[in-house]
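Notebook open, model loaded. I'm going through it piece by piece and jotting down what I look up.

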Amino acid sequence: MITITVNGQERRFEGDEDTPLLWALREDLGLTGTKFGCGAGLCGACTVHVDGEAMRACQIPVNMAQGRSITTIEGLTPAEGLHAVQAAWVAAQVPQCGYCQPGMIMAVAALLKGNPRPDTAAIHAGVTNLCRCGTYPRIVAAIGQLVKPA
């Protein structure tokens, strides 16, 4: 049995310790906000924060999550209201189909936490998630709402 900390709570996982964290979150812990996309760490639909860093949950064995703090999209949202990135998403009308959005929001939240004033190059380097609907201009607009001028 493995104990992992997810969204501030200790949770127990009794399956195969080589199971990707994505499946432990979705299937065993019922946190379905983290999405399965490509399963190869390319699309970013499964992005979560591991000790505050954006990582692809499909590429992390659950045993590697032991002793680390995992935050999913469910844990990003404060008890009341929306996280600032989520509010910017709504204001910029980013989502279309919405499937990739939890991972995208997690990637942007981590980017802005580490770099509150990213330029366009830093945004492209820090958010490598894929959106098949092509909402990238809206994503950049939403990030622009969050970046305060120097």
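Is methionine 64 buried, partly exposed or exposed? I get 49% relative accessibility, so methionine 64 counts as partly exposed. My cut-offs: buried is under 20% relative accessible area, exposed is over 50%, and partly exposed is in between (1.4 Å probe, protein chains only).

Ground rules before I go on. This is a predicted model, where local features need pLDDT of at least 70 and side-chain atom pairs count only at pLDDT 80 or more, while totals for chains, interfaces and linings use all residues. Residues are numbered from 1 along each chain as its sequence is written, and side-chain values use heavy atoms, with hydrogens and water left out.

**Entry: methionine 64**

I place methionine 64 in helix α2. For helices I take DSSP runs of H or I with at least four residues, for strands runs of E with at least two, numbered from the N terminus. I also checked methionine 64 against isoleucine 2: they sit 62 residues apart in sequence, and their C-alpha atoms are 9.9 Å apart in space.

**Entry: the cores**

Next I looked up the largest nonpolar core. By nonpolar core I mean a set of buried Ala, Val, Leu, Ile, Met, Phe, Trp, Tyr and Cys residues joined through side-chain atoms within 4.5 Å. The largest one has 23 residues, and Val85, Trp89, Met104 and Val108 touch the most other members. At least two residues of this core come from each of α3 (73–76), α4, α5 and α7 (136–146). α5 gives the largest share, eight residues. Apart from this core I find another, of 19 residues, with Ile4, Phe13, Leu31 and Ile60 among them.

I then listed the contacts of tryptophan 89 (contact: heavy atoms within 4.5 Å). Leaving aside neighbours within four places in sequence, tryptophan 89 is in contact with Val94, Pro95, Gln101, Met104, Ile105, Val108, Ile139 and Ala142.

Which residues of α4 are buried? I have Val85, Gln86, Ala88 and Trp89. The buried residues of α4 pack against α3, α5 and α7. After α4 comes glutamine 93, and its phi is positive, near 50 degrees.

For α7 my buried list reads Ile139, Ala142, Ile143 and Leu146. Their arc is only 100 degrees around the axis, so they are on the same side of α7. These buried residues of α7 pack against α4, α5 and α6 (120–126).

In α1, I note Leu21, Leu22, Ala24 and Leu25 as buried. Their cover includes β1, β2, β3, α2 and β5. Glycine 30 follows α1, with a positive phi near 70 degrees.

Threonine 34 is in the loop between α1 (21–28) and β3. With a relative accessible area of 2%, threonine 34 is buried. Not counting residues up to four places away in sequence, threonine 34 touches Leu22, Leu25, Arg26, Ala45, Cys46, Val48, Ala57, Thr72 and Ile73.

**Entry: the salt bridge**

How many salt bridges does the structure hold? I find one, counting a side-chain nitrogen of Lys or Arg within 4 Å of a carboxyl oxygen of Asp or Glu. Arginine 68 pairs with aspartate 51, and the closest N and O atoms are 3.2 Å apart. The pair links distant parts of the chain, 17 residues apart: arginine 68 is in the loop between α2 (62–65) and β5 (69–71), aspartate 51 in the loop between β3 (47–50) and β4 (53–56). Arginine 68 counts as partly exposed, because its relative accessibility is 27%. Aspartate 51 also has a positive phi, near 50 degrees, in a residue other than glycine.

**Entry: asparagine 7**

I noted a positive phi near 50 degrees for asparagine 7, again in a residue other than glycine. Asparagine 7 is in the loop between β1 (2–6) and β2 (9–13), and at 27% relative accessibility asparagine 7 counts as partly exposed.

Terms used
The arc is that of the directions from the helix axis to the C-beta atoms.
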